[in-house]
Amino acid sequence: SCGRPQLSSDDSMTSARFLITIALFFGIFLAGCQTTSKVGEITVIIVDIKPAGSSLFESRAIATLRFINENLVPAAFSESTHKLYLNGTYVGKAVSNQAIGLAPTSTTTQEVAVFFENLQLIKQLSNLGQNSVVSYRLSSVLFYQQGDEKEQLKAESNGSIDLAPLLNMAH
């Protein structure tokens with residue numbers, strides 16, 4: 001028959017299995033790229049705070065934030081904002097345009113500049129003496145891209161932080 005080799009039924013089955021396997025692989029691969037799941041819980045906590053300048057009454061400090069991804073999927077954020085409350089009173093804000101990437105169930109840290117808007121409270125805290133540990137609340141908004149939409153994820157954490165590095169600048 002015109003010099004073409006004839007395929008046996010075994011060869012036909014092998015070719016069909018191969019094509020089905022390739023189609024399934026690409027279907028699974030493409031479905032993975034088109035994920036529509038939203039990012040779940042991300043925790044942001046303060047692990048350190050230190051002066052950015054040479055005096056206590058400097059209007060900013062450097063905070064080290066730890067981002068904790070509790071999801072089973074990776075998360076990537078293009079920017080973030082963080083409002084800082086000390087002993088229940090709003091004191092300042094940090095904004096970061098530095099991207100953060102988190103593997104599933106992982107952590108990473110980022111340093112951000114906190115701009116104090118309530119210097120009066122910071123001055124009052126300098127009178128704490130030996131007890132420089134205060135309670136904090138951090139209200140964060142993390143921004144990420146979901147398809148063509150810019151989404152935001154809110155995170156809030158509470159804890160305590162030692163302000164000694166900031167307060168020691170006054171002595």
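# Rings, charges and paired strands

At 24% relative accessibility, tyrosine 90 counts as partly exposed; that class lies between buried, under 20% relative accessible area, and exposed, over 50%, with a 1.4 Å probe and protein chains only. The model here is predicted: local features need pLDDT of at least 70, side-chain atom pairs count only at pLDDT 80 or more, and totals for chains, interfaces and linings use all residues. Residues are numbered from 1 along each chain as its sequence is written, and side-chain values use heavy atoms, with hydrogens and water left out.

Let us begin with the rings. A pair of aromatic rings is described by the distance of the centres and the angle of the planes. Rings of Phe, Tyr and Trp (its six-membered ring) pair if their centres lie within 6.5 Å, and the pair is stacked with planes under 30 degrees apart, edge-to-face over 60 and tilted for the rest. The count here comes to 2 aromatic pairs. One of them joins phenylalanine 77 and tyrosine 144 edge-to-face, with 6.0 Å from centre to centre and 85° between the planes. Phenylalanine 77 belongs to strand 3 (residues 75–77) and tyrosine 144 to strand 8 (residues 133–146), so this pair ties together parts that are 67 residues apart in sequence. Helices (H or I, at least four residues) and strands (E, at least two) are DSSP runs, numbered from the N terminus. Both phenylalanine 77 and tyrosine 144 are buried.

Tyrosine 90, where we started, also has an aromatic partner: with tyrosine 85 it forms an edge-to-face pair, 5.5 Å centre to centre and with 65° between the planes. Tyrosine 85 has a relative accessible area of 17%, so this residue counts as buried.

What lies over the face of tyrosine 85? It is arginine 137, at 3.8 Å from the ring centre. A charge sits over a ring if NZ of Lys or CZ of Arg is within 6 Å of the ring centre and within 35 degrees of the ring normal. Lysine 150 is likewise placed over the face of phenylalanine 143, at 5.4 Å from the ring centre.

Arginine 137 meets glutamate 156 in a salt bridge of 3.6 Å, N to O. Glutamate 156 is in strand 9 and arginine 137 in strand 8, so this link ties together parts that are 19 residues apart in sequence. With a relative accessible area of 27%, arginine 137 is partly exposed.

Lysine 150 has its salt bridge with glutamate 79, at 2.8 Å, N to O. Glutamate 79 sits in strand 4 (residues 79–86) and lysine 150 in strand 9 (residues 149–162), so the two tie together parts that are 71 residues apart in sequence. Glutamate 79 is partly exposed, at 25% relative accessibility.

Another salt bridge brings together the side chains of lysine 50 and glutamate 111, at 3.1 Å, N to O. This pair links distant parts of the chain, 61 residues apart: lysine 50 is in strand 1 (residues 42–51) and glutamate 111 in strand 7 (residues 107–116). Lysine 50 is partly exposed at 32% relative accessible area, and glutamate 111 is partly exposed at 46%.

Now for the strands themselves, which pair if DSSP finds at least two bridges between them. Strand 4 and strand 5 run antiparallel and are joined by 7 bridges. Among the facing residues, serine 80 stands opposite serine 96 in strand 5. The two strands form a hairpin with 2 residues between them, and asparagine 87 in the turn has a positive phi of about 50°. Strand 5 is also joined to strand 7 by 3 bridges, again antiparallel; here glycine 92 has phenylalanine 116 in strand 7 as its bridge partner.

Lysine 93 lies in strand 5 (residues 89–96) and is partly exposed, with a relative accessible area of 31%. Leaving aside neighbours within four places in sequence, lysine 93 is in contact (heavy atoms within 4.5 Å) with Thr81, His82, Lys83, Ala113, Val114, Phe115 and Glu117.

Our last stop is serine 132, in the loop between helix 2 (119–125) and strand 8. Is serine 132 buried or exposed? At 8% relative accessibility, serine 132 counts as buried. Not counting residues up to four places away in sequence, serine 132 touches Ile161, Asp162, Leu163, Ala164 and Leu167.

Terms used: A salt bridge is a side-chain nitrogen of Lys or Arg within 4 Å of a carboxyl oxygen of Asp or Glu.
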